[in-house]
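Here is a brief report on part of a predicted model. Keep the structure open while you read.

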Amino acid sequence: MGILQPDYLYKRIEEIPVDALVIKGIKAAVLDLDNTLSTHGNPIPVESALNWLKRLEEAGINAVILSNNSDDRVKPFAEKLGISYLAAGGKPFTKGFVRCEKLTGSDPAHTVVIGDQIFTDVIGGKLYGAMTILVEPLQFEDGLFFRFKRKMEKHILKHFQKGDLSR
């Protein structure tokens, strides 16, 4: 189950210790949008995510949004934050991650991938060779596909211990 196992688990993105990322040599953060930085479809990031992104910037870590969503969804959101983005990213395939590498100037060994889904964010980050952090979704979707996927994720996650990035 190695490719399915995130390196670390956190409830919310703002709980991820930025100073620990710096200590681990992280130079870039590839971030999911929906249910990681904001609720699904919401054009405004949650306040706590904004504060965390500010700490990330102050630490010198380049952030980029990598989303499977459309440019119409991702572009205005990223522009509000003043960070780079890549829409229609094709996660979990690595092409989008490689393109993010060019946007951040980093490489997989110095990159963290943060998102709320095992089957896109974690698998994609692992295939790319980056550190992966799984956060709980800000809001659970009610569509049949998402309910099925979340049920599968819950089954997978019960086998993992919550890691502490600060250690």
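## Strand S3 and its partner S4

Three bridges connect S3 with strand S4 (residues 84–86). The two strands run parallel. Within this pairing, Leu66 stands opposite Leu86 in S4.

## Strand S3 and its partner S2

S3 also pairs with strand S2 (residues 28–31), here through four bridges. Again the run is parallel. Ala29 stands opposite Ala63 in S3.

Helix H2 (residues 47–58) belongs to this second unit. S2, H2 and S3 make a β-α-β unit, and it is right-handed.

## How covered is S3?

S3 spans residues 62–66. Four of its five residues are buried, which leaves the strand mostly covered. In a regular strand, side chains alternate between the two faces of the sheet.

## Helix H5

Helix H5 covers residues 118–128. This helix, too, is mostly covered: eight of its eleven residues are buried.

Which residues of H5 are buried? They are Ile118, Thr120, Asp121, Val122, Ile123, Gly124, Gly125 and Tyr128. The list includes Asp121 as well as Ile123.

Just past the end of H5 comes Gly129. Gly129 has a positive phi of about 100°.

Definitions and conventions: Residues are numbered from 1 along each chain as its sequence is written. This is a predicted model: local features need pLDDT of at least 70, side-chain atom pairs count only at pLDDT 80 or more; totals for chains, interfaces and linings use all residues. Side-chain values use heavy atoms; hydrogens and water are left out. Buried means under 20% relative accessible area, exposed over 50%, partly exposed in between (1.4 Å probe, protein chains only). Two strands pair if DSSP finds at least two bridges between them. A crossover is right-handed if, with the strands pointing away from the viewer, the path from the first strand over the helix to the second runs clockwise.
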